[in-house]
Structure formats: structure tokens, C-alpha cells
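Dear colleague,

Please find the structure below, together with its sequence.

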Amino acid sequence: MVSFLQAHQLNIMLVMSGVCGVIAFFCIIGRSMPRRRRVALALVEICAMALLIFDRFAYLYRGDVSQTGYYMVRISNFLVFLVTILIMICFNSYVQDLIIREGGLEKTPRRLILVYFLCALGIVLLVISQFTGLYYTFDEMNRYQRSGGFLICYLIPMVCLLIDLSVIIQHAERVNTLMRSSLILFAIAPIAASVVQVFMYGVSLTNLSCVGMAVALYVFALIDMDRAVERGRILETDYLKEVNKRQQILFMQTTTALTSAIDAKDVYSHGHSVRVAEYSRKLGEMMGKSEEECNEIYYAALLHDVGKIGIDGRIINKVGKLTDEEYEEMKKHSEMGNQILSSITEYPFLSIGARYHHEHYDGTGYPAGLKGEDIPEIARIISIADAYDAMTSKRSYRDPIPQQKVREEFVKCAGTQFDPNIAKQMLHLIDLDTEYQMREKEEIRELSGTNELYCEEYRSAVSEGIVISPNTTTIRLRSVPDENAKGSAALPALILFDSLDARVHTDEASIRELGYYEYAEVWFDGHAISSGARMMEAETEPLMAGTPADIETRGATYEIEAVKYQDHIRIRVKGAGKRTEVIVALPDSSRFAYLSLTGEHCHIRDVEISKAEQPIGEYEIPRIAEEISYIDRIAGDVPNIQINGYRTASTEGIPIRDGMQITFHTMSLPTARLVWHCPFIDIFTSANGQVDGPNYREFALIRLDGEHWESDDEVKQADNRMMVSHTEAFEGWENWKECNKKGLDCSVTFLRRGNKFTAITENLGIAIKNITTIPDVDEVYVSLTGDQCALTDIRIEE
């Protein structure tokens, strides 16, 4: 190693001096460090460059006895020692600035001031040595020779570095780890090199190490600057995020205030704007919009009715439908909303939503009568969300419309009032909303608004319906007799019924419109009355409990269990010293069933409702009546099927062949009330050719009403292109439902070209052509299924 340094140290000096010069240049032009620290670091690098240049000259002219050599050797050696001291001064200044500026010291430590005095002493001794030979002399061959006092010239810089090191260690916590490491390294390395230098003559180890540490000092400073810039960038980013967040909060608070002003003016639309905004955002997400686009849709929907602020409150809150003149006045709210929001130029989508959300896809809307995709997309989205909430919310002239009826309206109005593609997304949202959460919320508790009922006369208070399913529903409650009910019956009761809106109705219009049908009434004393059930059996047995007098004065706790399997329902009531079991046979298996709580002269409270996770088995409810069948007809090539609910039954799979035709007779069941209560065509594959068989994959589900939805699987199963048109034979949806109830013959033709399958059918003026492209499947099957319909005489022609 020593021999290598001796052989190449002149070249090393040349390279390192150039590096120090470049670093000094960047220090001078840079502006990222404080000025004094930058100057000190630049001077360190300049001095380090000069140190190596002069040291290199000293070696080059060593032994040169010419006059030039004589002067060069002496001048070079003098400057080497002088520049070494100057480096100590510059490094001390660098440490001083770092400790004060970054460390936060108010005064310069005295030890750093002492370093300046020691350096001054070193310079004085260096000058004296030029005349006395204290540090070094030159022999007759003009070669450098150490003198007796040469250790002093090493001792002074070492002491200076040790003092600097002590200051650095004392204030270490004031300086970041990276800069602290660079200072300690700069202080220790030359000291160690100087010790070695005493015993290693002919190699400028001290100078080289000093210059190396000068380079390292800049490198560490550069890294520290980079980190500081990064910290600054992060702080700036965080600041901008915080500013943006505050702006968003301010914007949200402003829009909320405007929304509250709208809601305060319209007593029947409280929360309407927020619900429309939420539904609109969900539609945007279903359509694959980005988060930013969904936020724009949300805020535009939140303020879509802001123009109502300018409408007369008497018109907005009128009980009953508006007159033609009032309706024309109400229509002005869209233009008023545009005027209010158009000044917010930063968010132009706000005024677009307010102005055009009442436009219709067929051009019959207002205010501009735009048609199709000329209507801005954001307005087409809000239009559907607005219509959905309007139908599912209570109005001054009507109760909320049942969700299934609302769904039917979107099926009917797709392509006329609504964008058909966005309407299809809304239909899917409704299908996903199995718990009917997308509606105007009351304070929903166990009885949809309250967990207690005050019943005076019989049925004076009735809870909303609780759906009865194959999963056992358990209801626990406490009933306390009315204090004024002495001498009268004071008992809770159950009403078993079916209705589109899961509510008990008594007026003829609601019964007819909502398909209300009452099966039975069950009193908690064991008494039961059948009103619409095919058959009913009730048994009551006594249990150990309190005396009748106690029950009459203090009330009783009851537990009710209700469960449904196909067309039979079992209700068990336990409490007040007895247990009652009621078996009810419904008119047919397609019926829904709801249970409402009511009573007479009692206070029902502390209601708790739970549902079992697992459904019951086929034989857990004893059958008391034969199952009603609507398929008692001669079967064709495939067995007849009765579909009591959504896809509750399917035919066996039929392999699709080119040119194959399937004909069948369909008839809606008596409970069918909606347009999609009709047959469906299921195109699929499975290992055994059966629906839900091993490796079942569904490619397309085509409803004969023209509705279609693809699989929700993460991996797309197939590519579907569906074309639906209404021919002149289509006489409207009411006629469609009526003809399905009477029964009609249908046919479906299939074409196959490789992996492309085409299904063609036309029924009652609804023409459907669906092309399904399926990758990598050899055998593809078709099955007939549906919702609340009976399929008979199914025949296959190839």
C-alpha cells in the first residue's frame, strides 16, 4: 500500500485537486446552504485544492538544484504548511455556523474562538521557522529535511481538530446525524493520519486524508441538502394537501348549507339532496368512473335542486298535486339553479347538473328539450337518481312507492325518460339492495321507526311487516295491558299478509295498487282467524307461568318464532303461561309473507328481532294441504317447471346446436305483478349440463321482457351484445303483464358459429337478439328459468 502511494501519489494529488476545484465551484454557485456556511465550505475545498497543488510542486522540485527548483521547493513547502492551517480556520468557521444556525446556539463557544488564536499562533511559528529552521531545512541537494521542532507543525492542527471535536460531541444532539458524522470524520481522520505520518516519511498521508475529508464534507452536505429538499417537498405536499382538504371541507360545508336551506324550505324532501347525491355516486362507480369524476357527480347531485330556493314555498309545500300553472312555476327551479351556480366557474359541472337534470332521453323533458346523448352525462345520472328517490320517498299526496314497483318504472321508462344504459345500472343497484337500504330513512329500529307500539282499539297501531322466510325469525317483546283496559281484552296479535310495500292496508285503492292480501290473524291467547289462507290449524298448550291476575296487571314477555317453507308457514307463540303453534297453508308457493305486530288495549315494547343463519329443511313444517300446481299438463321433450320465485327452478340443460329452436308455453302465476315476472333464458356451461352443477359458469341471462345482465364475476365469462326493440305489436307493459297472466306460446331460435352463440326471440312485440361470444368452451347449454311463472309443453326442434 505504501509503495503504491509513493508511486502514484502525484497523480492522486492532481486528480483530487481537480475534484476539490469542481466542488468549490458548485459551492460558490449554489444557494441551498446559508451563505456563511457555503463560503466556509468553498474555502475548505479551495484550500484543499491548493494544498495538493503545492504539495505536488514540492515533490516535483525536490532535489532540483536549479534556481527555479530552489525557490519552488521553499515556496511550495511554506504554502503547504500555511494552507493546512487555513483549512483548520475554514473548518472551524464551518463548525461554528452549523452549531449556531442549525444547533440554535446564541453565542459562539469559546473553544471555537480559541481555535482561531491557535491557528494564528501556528502561522506566526511557521513564518519564524522560515528563518530559524524550526520545522524543516533543505540540504545541499535542495531536499526537504525535518528539524527538531517539526512535531509542532503537526501538533497545532491536531489540537485545533481535537477542540472542534469536543465542541461537536458536546452539541451532538443539536445537529442531525448525517452532518454530525461528517464533522467527526473530518476531525478524526487527519489526526489519525498525522500520527501515522510521523513514522512514514515520503508520503503526504496527512494532506491526502485532509483533502479526502474535505471532499467527504461536501458529499455529506450534499446528501443533507437533498434530504432537506425532500423534507421541504414533503412538507409542501402535506401543506397543499391540508389546504386542499380545508378547501374541500369549506366546499362541503357550503354545499351542505345550501342543501339544508333547500330541505328547510321543502318539508317533504328532507334529506332528498343527500340521498340523490349518494345514489348518483353509486351509479358513477357502477359505470367505472374515476374517484374524481364520482366526486363531481356527487356534488352536482347535492346541489341539483338549489333553484328551489327561488320558488314560492306555498307551491313547494302544497298538499296534493300541483295545478298546471303551479307546475310551470316549479319547472323554473332548474334555470334558477343554473343562474345561482354558473358563477362558480371553478366547478362548471354544478350548474350543468342543476340545469339539465329534468331533461328526458326522448327529448320530452325541460328546460331545453335536449335528447339522447345531447343531455350531459352528469345530468342523465342525476335524473335517474332523482327519480328513484322521488318514488321511494313519502310525499304530501302519497306514501313511498314499493321498490319493486320503482324498479318496474325504470324498466318501462328506459329509452324514453331515462338513458337506457344508466337505467340498467340503476336496476342492478336495486337488485343488489336486498335489504332495501336505498330509501328515505326513518329512525329505523326493530319496527321500522320505533321499538314499541301503543294499541288502543284493535289495529289502531300496526308495525311494518317483518318478512317470513325459510330462515326462522324470532321476535321477543313485552306486552303491558293499558291501565284503562279493565274488563276488555288486552292482548297483542299478529297479522299475516302479503303486500308489495310490506305494510298492512285497509283502503281499497292501496289494496288494489299494492296487491295486499291477508292470510290470517293470530292472537297471543291462542285464538287464530283465517281470512285468506287455504287451510289453518292451531294448537295451544299450557305452560308454568304467573297467574292470570299477574299477567292482567303486570303484563307478560313473549317469544314468537315464524318460518316459511314453500306454501306453508309455522308460527309459534310462547308466553303468559301457554304455547301456541299455528300452521298456515298459503294459496300457493309463489306467495310472499309478512308478519305485523298489533293488538288491543296494550303497550308492546322492548321488541327484539333476530333471524337464524341456516334455513329449515323440507319436513320441519307438517304439510296440512296439497301443494298447488300450475303445471299439470302433458310435458314435452323437457319436464314442465313451476318457478315460484326468482330462478327457484330451472329446466335441465339443453346443448345448443346451430339452428335449434325451443318452443314452450308460459303463464304468469297469480301472484305475478311486475314486468319481469316472465321466463328467462340462461346460457351456461357445467360439467354435468345442469344449472349450478360442477364447474358451473353463466354466460348470459336474458329476460323475455328485454332486460339483460352479465355475470358479476371478476373474470369476465363472456362478451354479450344484446339488441332489444319494440315492434308495432307491442301494446304497452300493462298489456304485456295481462297476456303473460293469460298465457302465451314462445319460441327461441339459436344459431352457433364457432364460439359465437346467437339467441333470437320475439314475444308480444318485444324483439330480442343476443349475441354471446364465449372463449375456450366446447359444450354450451341453455336452460329455461324465470320469476313467478309456469313453463309447460317445452319442445326442442333441431
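Arg 143 counts as partly exposed because its relative accessibility is 33%; buried means under 20% relative accessible area, exposed over 50%, and partly exposed in between (1.4 Å probe, protein chains only). Its side chain meets that of Asp 139 in a salt bridge, at 3.2 Å from N to O. A salt bridge here is a side-chain nitrogen of Lys or Arg within 4 Å of a carboxyl oxygen of Asp or Glu.

This is a predicted model, in which local features need pLDDT of at least 70 and side-chain atom pairs count only at pLDDT 80 or more, while totals for chains, interfaces and linings use all residues. Residues are numbered from 1 along each chain as its sequence is written, and side-chain values use heavy atoms, with hydrogens and water left out.

The structure holds 36 salt bridges. One of them joins Asp 305 to Lys 308, with the closest N and O atoms 3.5 Å apart; both of these residues are buried. In another, the side chains of Lys 318 and Glu 326 meet at 2.7 Å, N to O. Lys 318 is partly exposed, with a relative accessible area of 23%. Salt bridges with shared partners also link Lys 405, Glu 408, Lys 412, Glu 734 and Lys 737 into one network.

Just after H8, Gly 288 has a positive phi of about 85°.

How values were computed
Helix = DSSP H or I, 4+ residues; strand = E, 2+ residues; numbered from the N terminus.
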